[in-house]
Amino acid sequence: MPLARSLSVTSLSGLEEWDEEFELEDAVLFEIAWEVANKVGGIYTVIQTKARLTAEEWGENYFLVGPYVESNVRTQVELIEPTNPVLKRTIDKMNSSGCKVYFGRWLIEGSPYVVLIDVGFTAWSLDRWKSELWDLGAIGVPWFDREANDAVLFGFLTAWLLGEFAAQSEEPPHIVAHFHEWLAGLGLVLCRKRQLPVATIFTTHATLLGRYLCAGSVDFYNNLSKFNVDKEAGDRQIYHRYCLERAAAHCAHVFTTVSQITAIEAEHLLKRKPDIVTPNGLNVKKFSAMHEFQNLHAQSKSRIQEFVRGHFYGHLDFNLDKCLFLFIAGRYEFSNKGADIFLEALARLNYLLRVNHSDVTVITFFIMPARTNNFNVETLKGQAVRKQLWDTAHTVKERFGKKLYESLLVGQLPDVAKMLDKEDFTIMKRAIFATQRQSQPPICTHNMLDDSSDPILNSVRRIGLFNSSADRVKIIFHPEFLSSTSPLLPMDYEEFVRGCHLGVFPSYYEPWGYTPAECTVMGIPSISTNLSGFGCFMEEHIADPSAYGIYILDRRYKGVDESCNQLTSFLFQFCKQSRRQRIIQRNRTERLSDLLDWRYLGRVRLQLSATGFRYPRPASVPPSPSLSRHSSPHHSEAEEDEDERYDEDLEAEKDRVNIRQPYTATKNKTSANLEADENEDDAVANDKI
């Protein structure tokens, strides 16, 4: 989405004027990032998911450039000879000059070409290049900052690669180089300083200083224009990193970021307004039938229920069929990720559910990696007890079935009183006694190294949610990434998300937010904020986000207590939904996945921003119980089926039409006409309830 063009140093010489139109076959795209075939954070997901579409568009002229990490290369990259003759000459020349550069295919969707540079092999040049960097821009990199040292090596080597490629080209080349984040930014600065014939793009996914400031619990967004950026960076000992990032932003021909909220941040902290906002997407895999992803939800939910049965053994006094699974996941940044406000909202939700005598139980998972030394013994014991009960039930069932079979063979109806003998009752009683528990179910699934200072555990102690029988809200803190090989909760992240009912991400600092985006693609409703890139994007393109299961929490214009009350309201309203209403909402959420598809983002993003398209409010029955005839979940599903006439296929077809033809027929409507349309939609919705 284009923004106002900011002043940059694009007037610097070095880049010849290109024809307004030229064949894509004559251009070469290098995409440069530290996370190419090297998973560190979210940028890895960005590059990995869009590689297929970019490779399809650019074909043999698309090359990803990243660091050579042997452990990753062994499992992710197929090393081959370069297919491009110019690039082959370039790599050969660099290798003969004391570098180690590898070429191969990254074994992901699209199988893009990768150029991997071994920065450690040229570490002998570090001091010389640091000196050159100081002469170039008076940026001094301390010896103890290993990450910044790697950035210096990587920057000089990528600039060397691009310069050598231009020199080896027989005709004046059309080279585009796209640099991600400050770790790759020095290469861009060197390209401009050396006046290489390279068109440069720099994308910041989050500003360095912004992340540090938010972690320090400052009133960030209300004071953006007041920060002394040089002093703040110096106080946090990241001034050299900040300088590299800011230099890359100012030297780039095109400066981009991933969300409007980060664009505002970059304008104030990096002192340049981004030229364009390019939201992040995902590879969306659509199912041939709508019910397929609902079936996957049911299957994954049953696996989570099995874990819950073991974790709460001895205190399983709630109905699992009326149990909602909520989760928050991401880096363990307690305030930035909104875990603080989420815990407070859970305490208030617990009070509301208890005073309203709700039979709904909420189990909330915190999936945030922290320092641990092993699994909690009590947690492992719970899963062992559950398995033992399952084995006991099967043993008794087999004995019962054998007696029933023998009775039927002789033509007699079984005497039920004799089907279970004394030994069977003894086995079952012993199993029941084994489930007795003197302590409460544990909050944390692992032994924490810093239990007394852990922010989540300390907040749990403060609000008093200890998984007691009286509490309607239970908490499970899993301080480790999910894995299908785990002996505790053997599920990968995608499968776990599919089994949950709601993702909660009340972040204070979230430049984009892949976690709610992944929920949307899998048809799981989520709560985000207007301080996250994802939340702003959805607010911009959806007329009524909550109707589609995208709840946007206001953390920008409201205080902490007001935001906490709003979050509590969202959670309480969600708990009041019936099962049918949740199914309808999941269907709507899943249909929004097209908005996050890289193919869609690449095709119509500019059209969307130019026309102001907003995904319309659904015309059928609202999923929110506050708007429907039934204001509580106590009515039977039979009643709902009889009263609510909901045509899923008709609604889905309307949404497909809207997203494929974004706001063209109605863009000249007046505000009065639009208001009339909304009133008509409301009338249709009321008729369908």
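**Notebook: helices and sheets**

I started at helix α10 (residues 260-269), where the buried residues are Ile261, Thr262, Ala263, Glu265, Ala266 and Leu269. For me, buried means under 20% relative accessible area, exposed over 50% and partly exposed in between, with a 1.4 Å probe and protein chains only. Helices (H or I, at least four residues) and strands (E, at least two) are DSSP runs, numbered from the N terminus.

A note on the source: this is a predicted model, in which local features need pLDDT of at least 70 and side-chain atom pairs count only at pLDDT 80 or more, while totals for chains, interfaces and linings use all residues. Residues are numbered from 1 along each chain as its sequence is written, and side-chain values use heavy atoms, with hydrogens and water left out.

Next I looked up what α10 packs against: its buried residues meet α7 (208-215), α8 (229-235), α9 (239-251), β8 (254-257), β9 and α19. Contact here means heavy atoms within 4.5 Å. After α10 comes Lys271, with a positive phi near 65 degrees.

**The open sheet**

I traced nine strands in an open sheet of mixed pairing, ordered β3-β4-β5-β2-β1-β6-β7-β8-β9. Two strands pair if DSSP finds at least two bridges between them. At the edges I found β3 (77-79) and β9 (276-277), each pairing on one side only. Three bridges hold β3 to β4 (residues 101-106) in the antiparallel sense, and Leu79 stands opposite Gly104 in β4.

Two helices lie across this region. Helix α3 (residues 85-96) lies across β1, β2, β4 and β5 (113-117), at about 140 degrees to β4. Axes are lines fitted to C-alpha atoms, for helices over the stretch in contact, and angles run from 0 to 180 degrees between N-to-C directions.

**Strands β16 and β17**

I then checked β17 (residues 550-553): Ile550 and Ile552 on one side and Tyr551 and Leu553 on the other are all buried. In a regular strand the side chains alternate between the two faces of the sheet. Strand β16 (residues 526-529) runs parallel to β17, joined by four bridges, and Ser528 has Ile552 as its bridge partner. From β16 the chain passes through α19 (residues 533-541) to β17 in a right-handed β-α-β crossover; that is, with the strands pointing away from the viewer, the path from the first strand over the helix to the second runs clockwise.
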